[in-house]
Amino acid sequence: MPRPRTVLLTGAAGGLGTLMRGLLPAYGYELRLLDVLPIPDEPAAITADLADKDALRAAVHGVDAVLHLAGISLEASFDKILRANIEGTYNLYEAARAEGVRRIVFASSNHAVGFTPRPMGTDPLIPVATPHRPDTFYGLSKAFGEDLAQFYWDKHGLETVSVRIGSCFAEPTSVRMLSVWMSPDDGARLFDAALTAERVGHTVVYGSSANTRLWWDLASARALGYEPRDDSEPYAEKLLAEQGELDPERPEHACLGGHFTTDPPIWPH
Ligand SMILES: NC(=O)c1ccc[n+]([C@@H]2O[C@H](COP(=O)([O-])OP(=O)(O)OC[C@H]3O[C@@H](n4cnc5c(N)ncnc54)[C@H](O)[C@@H]3O)[C@@H](O)[C@H]2O)c1
Ligand SMILES: O=C(O)[C@H]1O[C@@H](O)[C@H](O)[C@@H](O)[C@@H]1O
């Protein structure tokens, strides 16, 4: 596939969208921005809901690829998740298929597999082929999105890289995040690799930096050409002094999804 140049960035007003708006142009992409919220200082951004099928058709028309970040990014009622994340992602795929877009990079989440026990001691890293074990309606919508991506590849030849993002923020803020953190710079490296790798079909990868305390296997991400450069370890001493080690007796410390696994989820995590 020729290197994509024009990329629709959905969820461009959000935290990750704002970070990627800043970082991805340096890789040579021309970003077309979309969000349900207006974006200050971005008059060309498309303000549209993922429920608006006509707006999505127009938004994907002529782009080489889509980086799909839009949606509810925390736990919410099933009705809200259904509309934004499940129907919204379907609407985006259908628009992309109809307009002949070749590739989508889908912001999946570790919460699609959040009830997977985290490795302890000498346990092996968690592979991407681990079964879906969503920890929330939110995680369930990401499991659906991964299946939707597989279906659109098998049926329509529309490629996807589903990125099970850990925690992509400027800095890790919890002991759990020491294992799942993805620095914004590594996030841009991974999204660039996912947009440009040859013949991905539907590939699932974990999205994180090369953390010393990593819980999952980055092999499928590295196979796309991703070379992480960051590690959360410099933050470890301070976070461990403040919060202590994870306690395997506490369910929210024993699983990948952390506090998303409690009922209701406990914020912050
Ligand atoms: N930030 C992370 O660490 C992380 C981790 C795992 C997965 N993700 C996923 O990455 C994506 C971006 O995460 P974020 O942290 O920037 O979240 P965010 O909540 O800051 O941003 C999401 C954006 O999507 C927009 N949006 C929501 N519903 C919409 C709709 N119906 N139509 C159009 N736009 C809509 C929101 O207005 C918002 O700007 C999300 O899909 C999230 O689930 C993020
Ligand atoms: O697991 C995590 O830390 C992150 O998971 C993502 O799916 C959520 O969107 C984000 O809010 C969490 O911080």
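Visitor: Which residues does Val-105 touch, not counting residues up to four places away in sequence?
Guide: Welcome! This is a predicted model, and Val-105 belongs to its largest nonpolar core, which has 75 residues. Two residues are in contact here if their C-beta atoms lie within 7 Å. Leaving aside residues up to four places away in sequence, the ones that Val-105 touches are Ala-65, Leu-67, His-68, Val-161, Val-163, Phe-191, Ala-194 and Leu-195.

Visitor: Which helix gives the largest share of this core?
Guide: In soluble globular proteins, nonpolar side chains tend to be buried together. In this core, Val-7, Val-66 and Val-105 touch the most other members. The largest share is seven residues, and they come from helix α4.

Visitor: Are the faces of β7 covered or open?
Guide: Side chains in a regular strand alternate between the two faces of the sheet. On one side of β7 sit His-202, Val-204 and Tyr-206, and on the other Thr-203, Val-205 and Gly-207. Each of these residues is buried, so with 20 or more other C-beta atoms within 10 Å counting as buried, both faces are covered.

Visitor: Which residue stands opposite Tyr-206 in β7?
Guide: Strand β7 pairs with β6, residues 159–165, in the parallel sense over six bridges. Opposite Tyr-206 stands Arg-164.

Visitor: Which element gives the most residues to the shell around ligand 1?
Guide: Ligand 1 is surrounded by 23 residues, and among the closest are Gly-14 and Ser-73. The elements giving two or more residues to this shell are α1, α3 and β5. With three residues, the one that gives the most is α1.

Visitor: How many residues of that shell are charged?
Guide: Twelve residues of the shell around ligand 1 are nonpolar and nine are polar. The charged ones number two.

Definitions and conventions:
Residues numbered from 1 in each chain as written. Chains lettered and ligands numbered in written order. Predicted model: local features only at pLDDT ≥ 70, side-chain atom pairs only at ≥ 80, totals over all residues. Buried ≥ 20, exposed ≤ 12 C-beta atoms within 10 Å, placed from the backbone. Helix = DSSP H or I, 4+ residues; strand = E, 2+ residues; numbered from the N terminus. Pairing = 2+ DSSP bridges. Near = placed C-beta within 6 Å. Nonpolar A, V, L, I, M, F, W, Y, C, P; charged D, E, K, R; others polar. Core = buried A, V, L, I, M, F, W, Y, C linked by C-beta atoms within 7 Å.
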